[in-house]
Amino acid sequence: MQLALQIEGLAKTYANGFIALRGIDLSVRDGDFFALLGPNGAGKSTAIGIICSLVNKTRGRMTIYGHDIDIDFSSAKACIGVVPQEFNFSIFETPLQVVLNQAGYYGIDRRLAHKRAEKYLTQLGLWDKRNDQNRMLSGGMKRRLMIARALIHEPRLLILDEPTAGVDIEIRHTMWEFLKKINAEGTTIILTTHYLEEAESLCRNIAIIDHGSLVENTTMKSLLRKLQRETFVLDVDQPLGDLPNDIEGLRRIDETTLEADVSRGDNLTRIFTELGTHGIVVNSMRNKSNRLEQLFIDLVRDGRESRA
Amino acid sequence: MNARYLYIAFQTIVIKEVTRFARIWQQTVLPPVITTSLYFVIFGNLIGPRIGEMQGFNYMDFIVPGLILMAVITNSYANVASSFYSAKFQRSIEEILVSPTPSWLILAGYISGGVARGICVGFVVSLVSLFFSELEVHNFVVLISVVILTSILFSLAGFTNGMLARSFDDVSIIPTFVLTPLTYLGGIFYSVKLLPEFWQNVSLGNPILYMINAFRYGFLGITDINLAWSYFIIVMFIVVLFSINLILLARGHGIRT
């Protein structure tokens, strides 16, 4: 299968001596929806900056759809669309000007650029705002404008650096649906996010980066299989009363709430059976924390302990 | 990357730059027109008649070419320096940097924007000067070529300033402390032949002297400096500044980490 992105030994040391990347290797397949996760300062944005030519690498090799960024930079760059973490457009221009100018930088003539601008601004709910000054847009609109701008040249690889940061839940879900749609249409997507449920629900493959090194690079399914224990919150229909405290893996939180720890290989049926014998009916159940979140914390902690 | 792509990218940057200074014409076109009009009134109309002739021309006619070129110089410079620094400050420069647009084309686009504003302001100031002086063109080719080359040169200098600037203060320091003194001492208001020999030689180190004299030749047919030498100096500065800017862009000075 063709690779959308291939990185070999990518390293970056800033002028102040800070080592942001320590020689990472990474491959993203064509058509993938790929999550690049890591705590703040892990090196994600540096890696994305290098891919998009906004950060100069110290060493390493990188190809975009087979085009070496050092040798054939124009073909490589033409394949990429980027949505950065920070707003980076003129606040005095309008959304329409922003996307039309971006199309121009990619050599797209004005007539085609207008068609695409209408298409993407409409799909992202910004067409009505196309002639407003950008400074008048809300935070969510600004984020969507950056997505429209990144798509105007219809890149094969779209890179989103925390695209839903500071966006309300409704718009976030709308953006998720939009991203799923363009991925289904063939656009490869690399996503960084701090919302791990976002990565879990959207992405098929995942890399976790910390202190400039990859600590994990696998499929989402195989990563989630590594989860050793999950905690569920159970809401019951009546006060627990004299429920015994010695049921294995079960904790009483309050009179109508329990927490159940389920280890890998164990299952919830045993707990439901035990509760049933005491006449307790479970009304609802949810994960206490996101599954990926627990794994993420464990992996980052393990990585730091092994380095120490 | 074919020629059509390059043309569209170049056109986009130029249209963006022209739209920017046209949108804020009250800040970009109007002030130099008012300032230059004051020069015409005070130095030309009020003080000029008391000074008498300068190299065979009345004082107003003598200073008009220099004042027009001064407006071209300051506006070409200011347009590129402020526009590029603003793009850097707002990080909107990243829009171009992530695209396949080559560095030389980015530079050419911004320089064309600076030239457009310089010539636009120069044209308006020339029209205003017609109220005070009967301008006649001695050599149209020299006039046009000098004004275009000068605005290219100072657009390039403005670009260097925008690249190196770390704050908005840095954008205003050079025009205030370097450009304005050099312009005033570049022979707008006097012929360098009036100066003692020592100061004449010192003045020869001022590149603006060559441009003003060449431009004045285009209007009046007089110059303190050999015309070919003036062209050589202007083109040499353009080549040097263009090269410096390309190196700065390639290194990503202040725009890439």
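In chain A, six strands line up as an open sheet with mixed pairing, in the order 6-7-8-3-9-10. Helices (H or I, at least four residues) and strands (E, at least two) are DSSP runs, numbered from the N terminus, and two strands pair if DSSP finds at least two bridges between them. Strand 6 (80–83) and strand 10 (213–219) of chain A sit at the edges with a single partner strand each, so one side of each has no neighbour in the sheet. On average, neighbouring strands here are turned by 15° against each other, direction ignored; axes are lines fitted to C-alpha atoms, for helices over the stretch in contact, and angles run from 0 to 180 degrees between N-to-C directions.

This is a predicted model: local features need pLDDT of at least 70, side-chain atom pairs count only at pLDDT 80 or more, and totals for chains, interfaces and linings use all residues. Residues are numbered from 1 along each chain as its sequence is written, while chains are lettered from A and ligands numbered from 1 in the order in which they are written.

Now look at strand 3 (residues 33–37) and strand 9 (residues 205–210) of chain A, which pair in the parallel sense over four bridges. L37(A) has I208(A) in strand 9 as its bridge partner. Helix 1 (residues 44–51) of chain A packs on the sheet, touching strands 3, 6, 7, 8 and 9 of chain A. Its direction makes about 145° with that of strand 7 (157–161) of chain A.

Conventions:
Contact = placed C-beta atoms within 7 Å.
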